[in-house]
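Here is a set of questions and answers to work through with the model open. Each answer ends on the value or name asked for.

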Amino acid sequence: MNYLHVGLGKTGTTFLQNEVFPKIAKIKNIKYIEKKNFVKIFPPTTISNRKLIHSYNFKKLNIQFREKNYFLSAESLCGKLFNPLFWKKSALINKKIFDKNTTVIITLSKPEEFISSIYCQAIQVYSIKNEEEFFLNHKNSLSYLKKYKKNDFFDIELFDYKYLISLYLENFQKVLIIKKEDLKEVNKLKKIFNIKEDLYFTKKVYNKSYSEFSVKLTFIFEKFLNFFGTNLKSTDLFARQINKNNKVGIFKKILNRLSVELRWRYFVQNRLDKFFKFKKYKIKSQKIILQAKRNNDFYEKLESGYISIEKINNL
């Protein structure tokens, strides 16, 4: 039996990859393949324009993933930055790579929570734009991709969970849905994966998002650095180069520490947010929220577990 988790990201993915999926694979006596090992045994494309959409967007894709009895989680397989503009193309690429009998796992979270997390993620990787510049309608998404050859945006008009699930039901025989709020519901997970053994999880917090205060401060600092002809991304790159020298001993340790401490994201998540009450960032634009809310009814009726065309058509 093969399990393939294609995303979406920002839905508890790191927790799943560290604490849930490896344990389930062990119980089922199948091989758990970490993302870093996946790219080693199945190298992605190196052509920058093609990998904007999907890591395996080769001009001619005539190779398949030959592993058997595995559990693989690689959330970017649904499309880079989980952008709806890339969902269809990515599903077709995945169909060519993986056997149609593979059980595809799709993880989802509440629509407004998801788009807020996606926006924060973009800011964390220094794509610092206001909401209206990041969330684009379909026409503007196509124009932006064609003009700038970048994927630092999100097609909010195509954001449709039913559409995403349908793409995989059309191309794979089994599709399994896991809602974020069910991730730590042990009995639900046991039922979904048909296991009797107990599952135990830690209380560790993975990939903590930026708080509302941190997002505001990031914009302030970015504008401040722009005044001097630089930006947060450049300072991050500089920080990463600090320890790239031949020094040894105590100096090497100091430089290593500085290389980490001077990175804005590390400072925000591990220093700043410890001194301020954490308040989750939520999208402010009502126009964008309304677009996301189109998914609310479908999401509320959707249950974790195996899904079919008949089921989603009745939701």
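**Cores, strands and a helix pair**

Tyrosine 168 touches Val6, Leu77, Cys78, Ser90, Ala91, Asn94, Val104, Ile106 and Val175, leaving out residues up to four places away in sequence; a contact means heavy atoms within 4.5 Å. This is a predicted model, where local features need pLDDT of at least 70, side-chain atom pairs count only at pLDDT 80 or more, and totals for chains, interfaces and linings use all residues. Residues are numbered from 1 along each chain as its sequence is written, and side-chain values use heavy atoms, with hydrogens and water left out.

Q: How many residues does the largest nonpolar core have?
A: A nonpolar core is a set of buried Ala, Val, Leu, Ile, Met, Phe, Trp, Tyr and Cys residues joined through side-chain atoms within 4.5 Å. Buried means under 20% relative accessible area (1.4 Å probe, protein chains only). Phe98, Ile106, Leu108, Ile165 and Tyr168 have the most contacts inside the largest core, and its residues number 64.

Q: Which element gives the most to this core?
A: Helices are DSSP runs of H or I with at least four residues, strands are E runs of at least two, and both are numbered from the N terminus. With 7 residues, the top contributor is H4.

Q: Is strand S1 largely enclosed or open?
A: S1 covers residues 3-7. Of its 5 residues, 5 are buried, so S1 is largely enclosed.

Q: Which residue of S4 is the bridge partner of leucine 4?
A: Strands pair if DSSP finds at least two bridges between them. S1 pairs in the parallel sense with S3 (residues 70-73) over 3 bridges, and there histidine 5 has serine 73 as its partner. S1 also pairs in the parallel sense with S4 (residues 103-108), over 4 bridges. In S4, the partner of leucine 4 is valine 104.

Q: At roughly what angle do the axes of H4 and H9 cross?
A: Axes are lines fitted to C-alpha atoms, for helices over the stretch in contact, with angles from 0 to 180 degrees between N-to-C directions. The axes of H4 (residues 111-124) and H9 come within 11 Å and cross at roughly 35°.

Q: Is glutamate 212 buried or exposed?
A: Glutamate 212 lies in H9 (residues 212-227). Beyond four places in sequence, glutamate 212 contacts Lys279, Lys280, Tyr281 and Lys284. Its relative accessible area is 13%, so glutamate 212 is buried.

Notes: Buried < 20%, exposed > 50% of the residue type's maximum accessible area, 1.4 Å probe, protein only.
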